[in-house]
Amino acid sequence: MKILISETEKEVSNYIKALSHFDDVQITCTNELPDHPEEFDALLIPGGGDIDPSLFGQEWNGTRDVDIRLDRVQITLCIAFGNMHKPILGICRGCQVINVAFGGDLIQDLPEPQNSRHTWHSSENGVTTGEDHLTHIKEGTFLADLYGTEVVTNSYHHQACGRIAKGFDVLQTSDDGVVEFIAHRALPIWGVQWHPEKACFETAREGIADGAKLFEYYVNAAKAKADAAGVHAPAAAFGEIAFAISPQRGIK
């Protein structure tokens with residue numbers, strides 16, 4: 001079973017380490033568009049920098065550290081894997097990429113006091129730490145089956161999902177109203193604002209949501225897709241969504 005992580009290997013060591021706990025998982029890391037996306041069974045969009053606001057129809061208003069080439073690559077991949085009905089998991093920035101890819105927008109810089117409760121901190125020795133806060137999960141969802149309706153999560157972000165893309169539901173919010181998890185109603189596409197890779201297996205912390213549960217759900221979905229007959233879409237999967245790479249991109 002093959003998972004594509006849309007970033008260079010040096011940037012995603014925590015994600016690779018988390019996924020290495022599962023059997024029969026092959027990981028490819030690249031920040032380019034692969035020649036044959038249909039060869040992969042699932043996509044993971046990891047955390048990272050901000051998204052260029054022109055891609056969701058806004059002027060700059062608190063955004064920083066953008067890489068619009070990577071934005072376009074990851075948006076294109078989201079649409080391609082969505083067209084193939086293959087699992088997509090977006091984490092932190094990746095959650096925001098999913099929302100933008102399918103027509104939503106972002107809060108470019110959370111206002112206070114939310115910003116201080118959700119952002120990250122860098123110490124003098126270079127160690128980055130985040131904030132922990134209570135979240136609420138929608139009852140009757142698969143996420144509630146994993147974590148219950150209340151769970152404490154970590155937090156390392158200053159941007160957040162704003163208007164939610166059509167076809168998606170919000171399954172989890174922080175106690176101050178920030179969107180923490182989105183899921184497509186019909187397709188295996190999930191975006192999580194917190195960082196499961198920072199709280200699982202060796203990095204698990206008592207009282208904090210165990211990210212291993214979410215990774216297991218994602219991997220099982222990817223394996224089920226890989227085992228299903230006739231899952232591969234045509235090799236020209238990028239053809240109908242090539243507009244996603246254009247600066248004038250708009251979700252149709």
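This is a predicted model: local features need pLDDT of at least 70, side-chain atom pairs count only at pLDDT 80 or more; totals for chains, interfaces and linings use all residues.

Student: How many cavities of 30 Å³ or more does the structure hold?

Tutor: A cavity is a set of points where a 1.4 Å probe fits but cannot get out. With a threshold of 30 Å³ or more, the number of cavities that the structure holds is one.

Student: Is phenylalanine 201 buried, partly exposed or exposed?

Tutor: Buried means under 20% relative accessible area and exposed means over 50%, with partly exposed in between. Because its relative accessible area is 31%, phenylalanine 201 is partly exposed.

Student: Where is aspartate 65, and is it buried or exposed?

Tutor: Aspartate 65 is not a glycine, yet it has a positive phi of about 55°. Its place is in the loop between strand E3 (42-45) and helix H2 (68-83). Because its relative accessibility is 65%, aspartate 65 counts as exposed.

Student: Which element gives the most residues to the lining of the largest pocket?

Tutor: The largest pocket has a volume of about 650 Å³, and its lining consists of 26 residues, of which Gly47, Gly48, Gly49, Tyr156 and His195 lie nearest its centre. Two or more lining residues come from each of helix H1 (13-19), H2 and helix H3 (93-101). The element that gives the most, with three residues, is H1.

Student: In the salt bridge between arginine 163 and aspartate 105, which residue is buried?

Tutor: The closest N and O atoms of arginine 163 and aspartate 105 are 2.9 Å apart, and the two residues are 58 residues apart in the chain. Arginine 163 counts as partly exposed because its relative accessibility is 47%. The relative accessible area of the other residue is 12%, so the buried one is aspartate 105.

Student: How many residues apart in sequence are aspartate 169 and arginine 185?

Tutor: The side chains of aspartate 169 and arginine 185 meet in a salt bridge, with 2.9 Å from N to O. At 24% relative accessibility aspartate 169 counts as partly exposed, whereas arginine 185, at 59%, counts as exposed. Aspartate 169 lies in strand E11 and arginine 185 in the loop between E12 and E13, so the pair ties together parts whose separation in sequence is 16 residues.

Student: Why does aspartate 41 have no salt bridge, and which side chain of opposite charge is nearest?

Tutor: Aspartate 41 lies in the loop between strand E2 (26-29) and E3, and its side chain has a polar atom 2.8 Å from the backbone nitrogen of lysine 2. A salt bridge needs a side-chain nitrogen of Lys or Arg within 4 Å of a carboxyl oxygen of Asp or Glu. Because the nearest side chain of opposite charge is 4.8 Å away, buried aspartate 41 has no salt bridge, and that nearest side chain belongs to lysine 86.

Student: Is serine 6 buried or exposed?

Tutor: Serine 6 lies in the loop between strand E1 (2-5) and H1. Leaving aside neighbours within four places in sequence, its contacts include Thr30, Leu43, Val73 and Leu77. Because its relative accessible area is 0%, serine 6 is buried.

Note on methods. Residues are numbered from 1 along each chain as its sequence is written. Side-chain values use heavy atoms; hydrogens and water are left out. Helices (H or I, at least four residues) and strands (E, at least two) are DSSP runs, numbered from the N terminus. Buried means under 20% relative accessible area, exposed over 50%, partly exposed in between (1.4 Å probe, protein chains only). Lys and Arg count as positive and Asp and Glu as negative; His and the chain ends are not counted. A polar contact is a pair of N or O atoms within 3.5 Å; within protein, one must be able to donate a hydrogen and the other to accept it, and residues adjacent in sequence count only if both atoms are side-chain atoms. On a 1 Å grid over the protein atoms alone, a cavity is a set of points where a 1.4 Å probe fits but cannot get out, and a pocket is an open set with protein on both sides within 12 Å along at least five of seven lines; lining residues have an atom within 4 Å of a point. Grid points are joined across faces, edges and corners, and a volume is the space filled by probe spheres set on the points. Contact means heavy atoms within 4.5 Å.
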